[in-house]
Amino acid sequence: MDLQLEGTDLKAVLNRLRRAQGQISGVIRMIEEGRDCEQVVTQLAAASRALDRAGFAIIATGLQQCVADIESGRRNGEDGEDGAQMRARLEKLFLSLA
């Protein structure tokens, strides 16, 4: 399953990843400066949420593409990955973010 993010999907994912990158840089700086533990954890949690959202957006796009590929294959009479295999792969992806 190749991931093909286009246009606004790609831009949204990249923005989330850049936001997380900035937050992680901020956390590193805060630790180096000896900042308050609560502030560090708050920023770390925000970075984690940004990464999770980017991951879920990627998985959602992949899921949409998989469904389209399966439907296209059925219309063209192609045999590909069966539903159970696809479900197992997608479940593994979702669980990797849990």
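Start by selecting Gln23 and Ala47: the side chain of Gln23 reaches the backbone nitrogen of Ala47 at 3.4 Å. That is a polar contact, meaning a pair of N or O atoms within 3.5 Å; within protein, one must be able to donate a hydrogen and the other to accept it, and residues adjacent in sequence count only if both atoms are side-chain atoms.

A word on what you are viewing: this is a predicted model, where local features need pLDDT of at least 70 and side-chain atom pairs count only at pLDDT 80 or more, while totals for chains, interfaces and linings use all residues. Residues are numbered from 1 along each chain as its sequence is written, and side-chain values use heavy atoms, without hydrogens or water.

Stay with Gln23. Is Gln23 buried or exposed? Gln23 is buried, with a relative accessible area of 16% (buried means under 20%, exposed over 50%, partly exposed in between, with a 1.4 Å probe and protein chains only). Next, select Gln43, Ala46, Ala47 and Ala50: leaving aside neighbours within four places in sequence, these are in contact with Gln23 (heavy atoms within 4.5 Å).

Now select helix α1, where Gln23 sits. Helix α1 covers residues 7-32 and has the highest confidence, at a mean pLDDT of 89 (the predictor's confidence in each residue, from 0 to 100). Move on to helix α3, residues 83-96, where confidence is lowest, at 76.

Finally, show the whole chain: three helices and zero strands (DSSP runs, H or I of at least four residues for helices and E of at least two for strands, numbered from the N terminus). Of its 98 residues, 22% are buried.
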